[in-house]
Amino acid sequence: EANLLASIEAKRQSLEERLEARRQEVEEDCRRKAEEGQAKFQERQVRIYAQTQDWVEKKLDDHSKFQEHHRNSVQGGKDFMKARSKSMGDLTKKAQEKWKSNYDKLMSNKNQDNNDLMQKHENARIRTEERMGLKLKCANDVHSFH
């Protein structure tokens, strides 16, 4: 019976040692897996941060290119309008001067024609007054015929 008791005690002792070893193995495995998971998580976070940084830098670069293009386009439009306005101003001034010279020429011709017509009317009035003194009717002397 003492042998049996000693054998049982040895088996129990052996079992406890194996259980303790197994528990430590499981605990070590869990700790290792947790560390690996934490390392993997941190690596993923670093990659995500790097990708975000790349994305932000690309966005800022694209935006700066857009702003530069927009600024150049706006300035180009202003320069074009300024040049067109200047050339159109010259053309408008030239056309206005041409119109003014033609208008002045037409008005001087009109005034000359009006003056000529008024002179004709004045000459006709003078002739009429001179002939009234002659007492002619239809170019016939009606008073001396009786």
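This is a short chat about a predicted model of one chain.

User: How many helices and strands does the chain have?
Analyst: There is one helix, plus two strands. The model is predicted, so keep that in mind.

User: In what order do the elements run from the N terminus?
Analyst: The order is α-β-β.

User: Is the chain a compact globule or more spread out?
Analyst: More spread out. The radius of gyration is 60 Å, while the globule rule gives 15 Å for 146 residues, so the chain is well over that value.

User: What does the C-alpha trace span along its principal axes?
Analyst: About 200 × 30 × 10 Å.

User: What share of the residues count as buried?
Analyst: 0% of the 146 residues.

User: And the accessible surface, what does that come to?
Analyst: About 14000 Å² for the chain. Carbon and sulfur atoms account for 57% of it.

User: New topic. How many aromatic pairs are there?
Analyst: One. Tryptophan 99 pairs with tyrosine 103, and the pair is stacked. The ring centres are 5.1 Å apart, with 15° between the planes.

User: Why does 15° count as stacked?
Analyst: Because planes under 30 degrees apart count as stacked.

User: Where do tryptophan 99 and tyrosine 103 lie?
Analyst: Both are in helix 1, which covers residues 2–134. They sit four residues apart, about one turn of the helix.

User: Is tyrosine 103 buried, exposed or partly exposed?
Analyst: Partly exposed, because its relative accessible area is 36%.

User: Last one. How far apart are the mean positions of the positive and negative charges?
Analyst: They are 14 Å apart, counting 31 positive and 27 negative charges.

Terms used
Residues numbered from 1 in each chain as written. Predicted model: local features only at pLDDT ≥ 70, side-chain atom pairs only at ≥ 80, totals over all residues. Heavy atoms only, no water. Phe/Tyr/Trp six-rings, centres within 6.5 Å; stacked < 30°, edge-to-face > 60°. Buried < 20%, exposed > 50% of the residue type's maximum accessible area, 1.4 Å probe, protein only. Rg over C-alpha atoms; globule rule 2.2 N^0.38 Å. Areas by Shrake-Rupley, 256 points an atom, 1.4 Å probe, with all protein chains shown as cover. Lys, Arg positive; Asp, Glu negative; His and termini not counted. Charge placed at Lys NZ, Arg CZ, Asp CG, Glu CD.
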